[in-house]
Structures are given as C-alpha cells and as structure tokens.
Amino acid sequence: MSTTQELSDFREHARTVIRERIVPLFAEAELSGTFPRAAFAALGAAGLVRQRWQGGPGGDPVRSVILAEELARSGAGGVAIGCTLAMEPIVAALRRHGGNPQLDDILEQVLDGRQLGCIAASEPTGGSDLSGVRTTARREGGGWRIRGEKKFVSLGPVADFALVLARTATEEHPAPPQLGLFCVPASGMRVIKPLRRLGLSSLSTAWIGIDASVPATALLGRPGLGLVVATHALTFERFAAAAQLAGLSLRAIELATAHLHRRTQFGRPLLEHQALRLRLADLAARLTVLRHGVYGAAAGAPGTPALGAREIAAFKVTAARFAEEVVGECMHMFGGMGYLEDETPLARMYRDVRMARLGGGSDEVMWELVAGGLTPDFAAYDADVAVTP
Ligand SMILES: Cc1cc2nc3c(=O)[nH]c(=O)nc-3n(C[C@H](O)[C@H](O)[C@H](O)COP(=O)(O)OP(=O)(O)OC[C@H]3O[C@@H](n4cnc5c(N)ncnc54)[C@H](O)[C@@H]3O)c2cc1C
C-alpha cells in the first residue's frame, strides 16, 4: 500500500502534467471537436498510467481516483473523460482478459500512452441492454471476421483500436448467440457519422462501422464471455466516473465560492447573503461525503463494505446526479454571466455534465444493479410492523 507522502507526490506530479501538457490542448480540441491524442500520450509518457496500474488485479484504485479527480478538476472537460476512458476500462480488460503476446504488447503500449483504445459496445438498436448487440463475429480461417455498426464510440475516430462487443456464431455454440469482446484495429473501423452533441465536443464521439478480419488472439477471454468481460471493464469506467464527477463538482464549487467573494450586490459580497452561502455549504457538505466515500472505497479501509459492481453502480449514479445539481446551482450563482459561453466555463460544464447520467450505463441501469441487492429484513418487519400487507 502506498504511503500518504507517495500519494501526495503522485497527485502533485499528475497536477503538473495535466496543467502543463493537457490543459493547453483543451481549447483547440473543443473547437475542432477532436480528442487530442497528445493528451493521453502525455499521461503515459509521464509514467502516470503505469503507476495507476501498478500492484494487484485492479492496480492502485486510490491512484485511479486521484488521476480521475485531478483530470476533471483541471477543467479539461471531454479531454479529461477521454483520458479516463483510454486508461480505465481499456487497461482493465486487457490486463485481466488479454493474456497472449499480441494483446500484452498492446497493453504495454497503452500503459506508455503510445496506443489509444476505445470501447465499442452500444449500437443503434440499444446501449442499455448489451445482450442484444447485432455486430457479428464469425469464424474465418484461424481467426474472426467482425462486422457491424457501433453508435456512440467515444475516441473512435482517433483511436488505434476498439474493444468491440460482438455476437459470436460458432459451430460449437450456434444458439443461443454468445458474445465476445474483440480487439479491432483502426484499419477495420470507419466513421459512418461524427455525432454532434450537447456537450463534450472534445470527446470525438462517432457512429462507427466495423469490418475487420482479426486473428484468434484478438479475442479477450473466451467466446461467450464477452458480456462478462465488458461488464468487468465498465465497472472501472463507472468508478473512475464517480471520482471524476467529484472533481468536477469541486471545481464548480471552488469557482462559485471565488465568485461569491468577488461579486457585490446590495452593498455586500454575494457570499454574505445567507441564502447563497448556505446553499453552497450544503453542496460542499454533500461533496465531502462523496469524496470521502470514493477515497475510502478505493483504499478499502478496514470496516468499509466490499466494493463490487453494485456498490460501484451506486457511486456512479449518485455522483452523476449530484454533479448535475452542483454544476447547475453553481452556474446559477454566476447570474447571467454563468449562462454565457465566453465569460465563465460554467455553461460548458453544465452541458458536459449531463452525459454522466448516460455514459457507462444510465441511471436506471445503475439503479437496477443496486435494486438487485435490496434485502428485506423480515424478522424486523414481523416484530415491528403491524400491518396486513
Ligand atoms: C456522448 C456519448 C458518448 C458515449 N460513448 C460511448 C462509448 O464510448 N462506447 C459505448 O459503447 N457507448 C457509448 N455511449 C452510449 C451510452 O452508454 C448509451 O447511450 C447509454 O448506455 C444508454 O443507451 P441508449 O442510448 O441506447 O438508450 P436506451 O438503452 O434506449 O435507453 C433509453 C432510456 O430508457 C432507459 N432504460 C433502458 N432500459 C431500462 C430499464 N430496464 N428500466 C428502466 N429504464 C430503462 C434508459 O436509462 C434511458 O433513459 C455514449 C453515449 C453518449 C451520449
């Protein structure tokens, strides 16, 4: 386990790299609508991706939280999310389910920031129910031919490869259809349509067509396990998203606090108007709980509940809805200026944050996971409740 000093040094190093190498790329990336590969390359070259993934099967979750939070806090919007996508679900899947020289080589390059990967799971026909994907993987020679369409592929137009969820049809398993997750190179992907979006312009999200012949080694895990592999990878995306949303909320609250200090109305700084001060305090109080929860869960502090897919879903959905509220309230505290595009970053943050309730699985999909763990206490019910159901 890392010492407090080591983690503090890691945060300082990450902050410096993000400030000097990533933030300067952001404005142009938003304007052009293109994720800057140099951003992820900078994280890799600085050793930050490797350090995040050092240690056990999940790497170092506290470093993951620190990186995600610092990226979001820097104000790098879609670029921050793109870096986290390239670092979290991609590495998680390759590390756990790669295990052959070809995939290991790709993993090594990702850890150094020399290759950029993306996830291609959602399709035009659906994103919540991934068991219904129509992209096919058919045996061809010793490998696979992957064909289909993937909607909403973030980083798709600029990535070196995609992890593609596809339906495998093999002689051994003709029915029911099974899923596999395949590593498909950019040469087998084409942009059908760049997708114009409400926010996150720099995330390079596109509708992607896939037609690729890949070797047998491109399959992560085994045929039929695609949904398991993809779901495992998505839990890393979701937990990092919770940390990222905490970072975004922190930035919004810090900006709003500064504004309430500086702006005067009715003869007093806005911060001295109790209605605003206490609303900001309420948001800050709830953010404290979220941040402590995320860090505590990542550190696996003694006595904390185990962190499984359900708990991660709970963090993600709660953080997404909370961050949306925080950014909306903080934008409001800037008055009319908060609504302008050129005078504060709040309007853009407000547009960007909305996507958190969908990306990596929507609120309802997260709540379904949480609902699966609801446990009745019939003994207490029978003892304390005197109603006839
Ligand atoms: C900007 C952006 C980037 C994205 N990037 C990626 C990416 O990189 N890779 C990728 O694979 N996907 C990506 N996505 C897709 C995203 O994961 C999906 O949009 C999301 O999972 C929802 O799927 P859907 O859009 O098909 O909506 P649907 O599945 O059609 O759902 C529509 C609505 O119904 C609700 N719903 C669905 N099922 C249930 C249920 N059982 N009970 C109650 N409510 C339900 C949903 O929550 C939603 O509100 C991205 C999306 C966006 C907008």
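Helices (H or I, at least four residues) and strands (E, at least two) are DSSP runs, numbered from the N terminus.

I'm looking at a predicted model, where local features need pLDDT of at least 70, side-chain atom pairs count only at pLDDT 80 or more, and totals for chains, interfaces and linings use all residues. Residues are numbered from 1 along each chain as its sequence is written.

**Ligand shell.** I started with the elements around the ligand: β1 (117–120), β3 (143–154) and α13 (363–371) each supply at least two residues of the shell. I then looked up which of the 22 residues around the ligand come nearest, and got G127, S128, F152, S362 and E364. To be near, a residue needs its C-beta atom, placed from the backbone, within 6 Å of the molecule.

**Helix α2.** Which residues of α2 (residues 37–45) are buried? I found R37, A39, F40, L43 and G44. Buried means 20 or more other C-beta atoms within 10 Å of the residue's own, with C-beta atoms placed from the backbone. Down the axis of α2, these buried residues fall within an arc of 160° (taken from the directions from the helix axis to the C-beta atoms), so they line one face of the helix. Just after α2, I noted G47 with a positive phi of about 80°.

**Strand β5.** I checked β5 (residues 178–185) next: 7 of its 8 residues are buried, so the strand is largely enclosed by the rest of the structure. Strands pair if DSSP finds at least two bridges between them. β4 (residues 161–169) runs antiparallel to β5, joined by 8 bridges, and V164 stands opposite F182 in β5. β8 (residues 219–220) also pairs with β5 in the antiparallel sense, over 2 bridges. There, L219 is the bridge partner of F182.

Notes:
A residue is buried if 20 or more other C-beta atoms lie within 10 Å of its own, exposed if 12 or fewer, and partly exposed in between; C-beta atoms are placed from the backbone.
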